[in-house]
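Q: I'm new to this structure and would like to learn how to read it. Could you walk me through it?

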Amino acid sequence: MTADSLTMRLASRRRANWQLNAALGALLLVLFLVSVGIGYVSLSLGDTLAALTGTAGEKLQTIVWELRLPRTLLSMAIGSALGLAGAVLQGLLRNPLAEPGIIGISSSAGLGAVIALYFGWSMAWPLALPASAMAGAAIATIILYIVAARSGSVLTLILLGVAISGFAISLSSLAMNLSPNPWAVSEILFWLMGSVKDRSFYEVNLALPFILIGSAVLMSSGRALDALSLGEEGAQSLGVDLRRLRVLAIVGTSAAVGAGVAVAGTIGFVGLVVPHLLRPVTGHMPSRLLLPSALAGACLLTAADIGVRLLANSGPELHLGVVTSLIGAPFFFYLLFKVGGSMR
Amino acid sequence: MTEIAVEKVGFSIAGKKILSDIDFTVDEGRLIGLIGPNGAGKSTLARLIAGLQPAGGGRIRLDGEPVGDIHRKILARRIAYMPQGHVVHWALDVFQVVALGRIPHLGPLSSMAEADAAAVQRAIDKADIEPFLDRDVSTLSGGERARVMLARALAVESPVLLVDEPIASLDPFHQIKVMNLLRDIAGEGRLVIVVLHDLPLAARFCERLLLLSDGRLVADGEPKDVLSEPNLEAAYAIEGLHGRNAGEDYVLPWRCLEHGAKSDPV
């Protein structure tokens, strides 16, 4: 074989990548339109497009712009942040079970948000909510990294995640327990279950910039993650600055996941399921997994949110976080059995 | 001309001396073997030369420039390093693993160009791994995997190649094959240092040996001098069997000496 056939091999890989991303992008566009069109008042495609472009009647315009669009944008942004953060954390820790929810980053961000709400910081300064959530996520990510880098075993990581989650959840419960206002408690509790219902552009504006910045930071780690598949020394010998990579992953994950949790509560398992399903079609290459994971995460969460609204016609509306956990937890069991046997 | 100068290098971990006062200069063209018993500090020395850890004392220079002063990315183009263990964390196929060797040559946004594909192809040909290019590395045998990792290091096409125990898990056929390959690469005018445990192969294929024992460089020179009976006794606590076949000297590890291993086994 010659170098030409290798060039062709590279070209066909790039084409396959491009096709995958285009297909996921198209799917996301369809889900976006469905999500904007579906709800108590179902809109036709024509009405949806008219409302989005500002040529529909006032009532439709209000439904789409004030109710549906913020909800849809949040489900897309948060889903993509979770999918991407899952893919990056798995690459960084070289562990297919790493996921913001399972390893305690989401619940720590939740704790950060609860603290901001409890002490009333978010009333004094709106950005305190995402800032506090991101700080919670950052602290958890740093602890995880320090311990996981030392032992590297799947089991340690999961147990550590259990410990961090448990601690964060118990502190959140403590805050609710001590809260003098029962109404605030049910608010917090509902919000912790994870949902994008009844969100407005206020929440979108609060979270979206951080999610975008965090995602951009995470996307830039691709090549270093590829090198890391040869282990830390192998990666270093290929010119990767490990300290920089860790900082990128921690800052990116905290910003993207923390901001999402701040406005939509904790939504689990998206970052676990999505990279796992896509890994075989991206040749298991960490860098090639990133963009598809972001797109598919957006698709998955948007589809789940559509499902939630369709089910709501026959009863109370389920929380998005409850739905993703119901789907994701059995998947996690399956992965744990599969991976747990081969890695310690 | 490529030259590595190790000047009075020391290294300790948590107060324990791993290396002390290592001093030598090596250059291109001849295969250089780094040998010594377990725990002698061979791998540590290889890591220090590759710039993966800063030396505790002294200095290592690559063509006159201290290794620590060279930007990591530039250094990665000049020194290729193949660690022990042959770790690959994901189920990548062989081609992808070899292509990782081109990472030091890629810009932040550029992807593999034709020149990179040509370098990957040369590495594949040299290591003779074409037949399993599409296989998942996790399904390869130990020997196949070692050759893939070697090809990965070769794909960097760096003037310096550092390989840590490339033949540890290989059958005799592939051991000889890999040693031949390393000697040929050195013969192309590259600086190749190989960490070895196998004394007969070190004696036959390397043109210069550096013998480490207890973190010190105890012998440096031609194989027949380095693997002399007093050195084998002092460093390895073994007796060697020396012989000659078809004009080539050989040495076999023959018998343990009574007083046991001198170095602390890991």
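Predicted model: local features only at pLDDT ≥ 70, side-chain atom pairs only at ≥ 80, totals over all residues.

Q: Let's begin with the helices. How are two packed helices described?

A: Two packed helices are described by the angle between their axes and the distance between those axes. Here, take helix H9 (residues 201-219) and helix H12 (residues 242-264), both of chain A: they pack at an angle of about 160°, and their axes are 8 Å apart. Angles over 145 degrees count as roughly antiparallel, so H9(A) is roughly antiparallel to H12(A). The crossing of H9(A) and H12(A) is left-handed.

Q: Which residues in H9(A) and H12(A) meet?

A: From H9(A), the residues include A:Leu206, A:Phe210, A:Ile211 and A:Gly214; those they and their neighbours meet in H12(A) include A:Leu248, A:Gly252, A:Ala256 and A:Val263. Sorted by class, the contact of H9(A) with H12(A) has twelve nonpolar, five polar and one charged residues.

Q: Now the interface. How is the size of an interface given?

A: Often as the accessible area lost when the parts come together. In this model, chain B and chain A bury about 3,100 Å² between them, with 61% of it on carbon and sulfur atoms. B:His89, B:Trp90 and B:Phe95 supply 23% of the area that chain B buries against chain A, more than any other three residues. The contact takes 40 residues from chain B and 35 residues from chain A.

Q: How many salt bridges are found across the interface of chain B and chain A?

A: There are three salt bridges across that interface. A salt bridge joins the side chains of B:Asp134 and A:Arg9, at 2.5 Å from N to O.

Definitions and conventions. Residues numbered from 1 in each chain as written. Chains lettered and ligands numbered in written order. Heavy atoms only, no water. Axes fitted to C-alpha atoms, helices over the stretch in contact; angles between N-to-C directions. Helix = DSSP H or I, 4+ residues; strand = E, 2+ residues; numbered from the N terminus. Parallel < 35°, antiparallel > 145°, perpendicular 65-115°, else oblique. Left-handed = near helix turned anticlockwise from the far one by under 90°. Contact = heavy atoms within 4.5 Å. Nonpolar A, V, L, I, M, F, W, Y, C, P; charged D, E, K, R; others polar. Buried area = accessible area lost by both parts, 1.4 Å probe. Salt bridge = Lys/Arg side-chain N within 4 Å of Asp/Glu carboxyl O.
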